[in-house]
Structure formats: structure tokens, C-alpha cells
Amino acid sequence: ALGVVSGATPADTVLIADFTPTTTGDADIGVTARCGATDCVLVYVSPKGTAWIMQRVGGGTPTQKFRDFAQVQLNQPNRLVVAFQGSQVQSWLNGNLISSVQVDVANPGTIGFFGSNQDTTPSSVNLSGLYVFAAG
């Protein structure tokens, strides 16, 4: 698994992750934001063609807020952009809006990027850039 985590960031942020998946193995590739001891928002995409948003509130089990199809390009640069503004979270993959949902996690926290294998077939992803901007 590949991971990058920041220090505390404002609650309203725009995250940009530039990454290249180099294998077809099933993987969770994405960003986390507003993460603290009990809360977190996670935005994932997979080379298998799926995108989803999860949230963890009050230390509970993560719950799914969104799931749909998204085309991740294998062996090519991909850009995941996620905007957090109040309770609204919007995400784009390679310039295409893939989700716009409301979440319950509103506090500032850490942000991160991750690539995590989800299958017996190995997966690999290269992170070429992670950018964080305060929204507003």
C-alpha cells in the first residue's frame, strides 16, 4: 500500500491527486480529507472502473455515500480532483464530474492519498503530485 498523510488542513479544501495505475489489479486509489480520531471522508477510484465516497462519523463503521462507474486510465496519468465545501463534496476524474454528495463530516483534519491492493492480483500506482488548496 502507498500512503501520504498531511498535518491538519482547513475543512474546506480542494485536493488534486495526479496518479498512474500500472497494473490491472483491483485497488482502492484515492484521497482522504477531514480525518481525525473519529471522522473521515474517503474518495476512491479503482482500475476496475468504480468510484465511491465513504464517510466515517463518530468512530463508527464507514458508510457509503456514493458509488458509480468511473474510467481510470491504465498506464496513463489520471487526475482526481475533490472539492470539500461545507457539507458538499464533489469529485472529478480526468475532468469528468463523477459525484456530488452531502456528508456529515465537517471538521478540519488531515488529508491523504492512498493506493491499496484489494485482490489477490498485485496492484501498483505511482503518485506524481498531490496538491491541497484552501477553498474560497
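Q: What makes Cys35 and Cys40 a disulfide in this predicted model?
A: Their sulfur atoms lie 1.8 Å apart. The cut-off is within 2.5 Å, so the two cysteines count as a disulfide. The structure holds one disulfide.

Q: Are Cys35 and Cys40 buried or exposed?
A: Cys35 is buried, and so is Cys40. Buried stands for a relative accessible area under 20%.

Q: Why is the pair of Tyr44 and Trp52 called stacked?
A: By the ring rule there are three aromatic pairs. In the pair of Tyr44 and Trp52, the ring centres are 5.0 Å apart and the planes meet at 15°. Centres within 6.5 Å make a pair, and planes under 30 degrees apart make it stacked. The values 5.0 Å and 15° meet both limits, so this pair is stacked.

Q: Why is the pair of Tyr44 and Phe114 called edge-to-face?
A: Here the centres are 5.1 Å apart, and the planes stand at 70°. An angle over 60 degrees counts as edge-to-face, so the pair takes that name. The pair links distant parts of the chain: Tyr44 belongs to strand 4 (residues 40-46) and Phe114 to strand 10 (residues 110-117), 70 residues apart.

Q: How do you know whether Tyr44, Trp52 and Phe114 are buried or exposed?
A: Set each value against the limit of under 20%. Tyr44 has a relative accessible area of 13%, so Tyr44 is buried. Trp52 comes to 12%, so Trp52 is buried. Phe114 comes to 15%, so Phe114 is buried. Ring pairs join Tyr44, Trp52 and Phe114 into a cluster.

Q: What places the charged end of Arg67 over the ring of Trp52?
A: The charged end of Arg67 is 5.4 Å from the ring centre of Trp52. The distance limit is within 6 Å, so 5.4 Å passes. A second condition asks for a position within 35 degrees of the ring normal. Arg67 is listed as sitting over the ring.

Q: Which residues touch the most other members of the largest nonpolar core?
A: They are Phe19, Val31, Val45 and Val89, out of 27 residues in the core. Strand 3 gives the most, with four residues. A second, separate core has seven residues, including Cys35, Leu42, Trp52 and Met54.

Q: What makes strand 7 mostly covered?
A: Six of its eight residues are buried.

Q: How do you know that strand 7 and strand 8 pair?
A: They share six bridges in the antiparallel sense. Pairing needs at least two bridges, so these strands pair. Phe84 stands opposite Val89 in strand 8. The hairpin of the two strands has two residues between them, and Gly86 takes a positive phi near 60°.

Q: How do you know that strand 2 pairs with strand 7 and with strand 11?
A: Strand 2 meets strand 7 over seven bridges. Strand 2 meets strand 11 over nine bridges. At least two are needed, so both count as pairs. Both are antiparallel. Asp18 stands opposite Arg79 in strand 7, and Phe19 has Leu127 as its bridge partner in strand 11.

Note on methods
Residues numbered from 1 in each chain as written. Predicted model: local features only at pLDDT ≥ 70, side-chain atom pairs only at ≥ 80, totals over all residues. Heavy atoms only, no water. Phe/Tyr/Trp six-rings, centres within 6.5 Å; stacked < 30°, edge-to-face > 60°. Buried < 20%, exposed > 50% of the residue type's maximum accessible area, 1.4 Å probe, protein only. Core = buried A, V, L, I, M, F, W, Y, C linked by side-chain atoms within 4.5 Å.
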